[in-house]
Amino acid sequence: MNKKIKLIYLILILTLNFSCVEKKSTEKETIKPELVVTPKTDTLKFTSAIRAIFQDSKGNYWFGSHNEGVSFYNGKSFEYFTTNEGLSDNQIRSIQEDDNGKIWFGTAKGISVYDKGKFANYPPKNNNPILDWNETNGDLWFYSWEEDGINRFDGINMNYLIFPKPKNPDKSYGVTGISKDKSGKVWIATYAALFSYDGKRVNIFDTEKLNLKDNELLHIRSVLADSKGRIWIGNNGIGVLLMEGNSIINFSEKNNLIHPTSTKRGDKSKPGTLEHAFAIEEDSEGNIWFGDVYNGAWKYDGKSLTNYSVSDKPSKPMIWTIYKDNKNNLLFGMADGNIFKFNGKAFEKRF
């Protein structure tokens with residue numbers, strides 16, 4: 001009898017051990033999938049333009065290009081991801097990281113998330129648009145070339161939220177920028193209007209509310225909610241608008257940075273002007289920086305403005321994006337595919 005009990009006990013032990021080995025093996029495969037095989041270089045090879053810059057929580061850099069996909073820089077080499085590796089599209093509009101360390105990309109044709117060597121994709125909009133934004137939650141917002149609304153991720157679902165715009169709009173409401181103010185309100189720039197959402201209500205700031213003149217065409221390309229509660233709105237043609245409390249002024253016009261002969265329609269501007277602000281950022285000292293399509297960078301210290309020439313290629317002076325990294329370095333993504341850093345006095349090429 002004792003021999004039978006011992007035999008049964010031995011079989012149970014072996015069975016339990018085998019089950020544990022199988023479970024551990026499955027967990028390992030799930031947690032550590034194979035990485036996507038991608039090309040690598042020692043220097044950044046993009047030439048089309050740098051449209052987005054992001055430094056993740058581990059200190060790695062991600063660079064989004066105009067039509068060449070994404071580059072990942074770990075401090076030693078550059079790794080590249082395109083639609084061949086799973087991206088929704090090779091034009092990158094935005095890059096951000098969620099609380100779980102996943103990297104999200106807003107592209108021209110949808111949203112991609114990179115996690116543990118693999119991509120998952122979401123369409124630019126779904127078949128169930130939501131009119132009441134309060135039905136959703138989440139801090140991740142995306143835009144990917146749709147003219148009706150914006151995407152919001154709640155941790156499980158990608159929700160497509162519709163803008164409360166006029167019934168028969170004759171203008172484009174494609175999103176061009178997103179910024180969050182210190183109270184948590186989200187500011188969304190579109191070509192034809194600026195929207196804000198405070199978690200309860202969506203407000204629209206159109207031509208009338210922004211006090212534009214009859215000859216001024218609203219064509220928003222960037223927005224920044226700064227540390228002082230001011231809202232900076234960059235336009236393609238009429239320069240920079242400044243919203244401070246209930247006051248709205250044309251900041252470029254007030255500082256004589258719109259040329260008297262300007263058409264205010266997005267045409268090429270004269271030197272020494274700030275009429276095409278495609279990028280706006282605040283540095284660690286509270287200075288506001290503007291990236292102009294034709295005239296380099298402008299720094300506003302609260303009293304005066306200083307103009308800098310950034311690119312070493314005069315034929316491509318456009319600044320697509322300005323980004324403040326984890327060490328408060330100010331990085332400028334250029335139309336020629338280069339990235340420049342402001343060292344406090346001048347600009348030097350990086351990466």
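User: What is a salt bridge, and how many does the structure hold?
Analyst: A salt bridge is a side-chain nitrogen of Lys or Arg within 4 Å of a carboxyl oxygen of Asp or Glu. The structure holds six of them. This is a predicted model, in which local features need pLDDT of at least 70, side-chain atom pairs count only at pLDDT 80 or more, and totals for chains, interfaces and linings use all residues. Residues are numbered from 1 along each chain as its sequence is written, and side-chain values use heavy atoms, with hydrogens and water left out.

User: Are R230 and D226 buried or exposed?
Analyst: Buried means under 20% relative accessible area, exposed over 50%, and partly exposed in between (1.4 Å probe, protein chains only). R230 counts as buried because its relative accessibility is 10%, and D226 is buried at 2%. Their side chains meet in a salt bridge (2.6 Å, N to O). By contrast, D148 is partly exposed at 29%, as is K125 at 36%.

User: Which residues lie nearest the centre of the largest pocket, and which strand gives the most to its lining?
Analyst: On a 1 Å grid over the protein atoms alone, a pocket is an open set of points where a 1.4 Å probe fits, with protein on both sides within 12 Å along at least five of seven lines; lining residues have an atom within 4 Å of a point. Here the largest pocket is lined by 38 residues, of which S94, I95, Y143, I178 and E281 lie nearest its centre. Elements that give two or more residues to the lining include β2 (50-55), β6 (92-97) and β25 (319-324). β13 gives the most, with six residues.

User: Where is G302 placed?
Analyst: G302 is in the loop between β23 (297-300) and β24 (305-308). At 41% relative accessibility, G302 counts as partly exposed. Its C-alpha atom is separated by 7.0 Å from that of N287, 15 residues apart along the chain.

Notes: Helix = DSSP H or I, 4+ residues; strand = E, 2+ residues; numbered from the N terminus.
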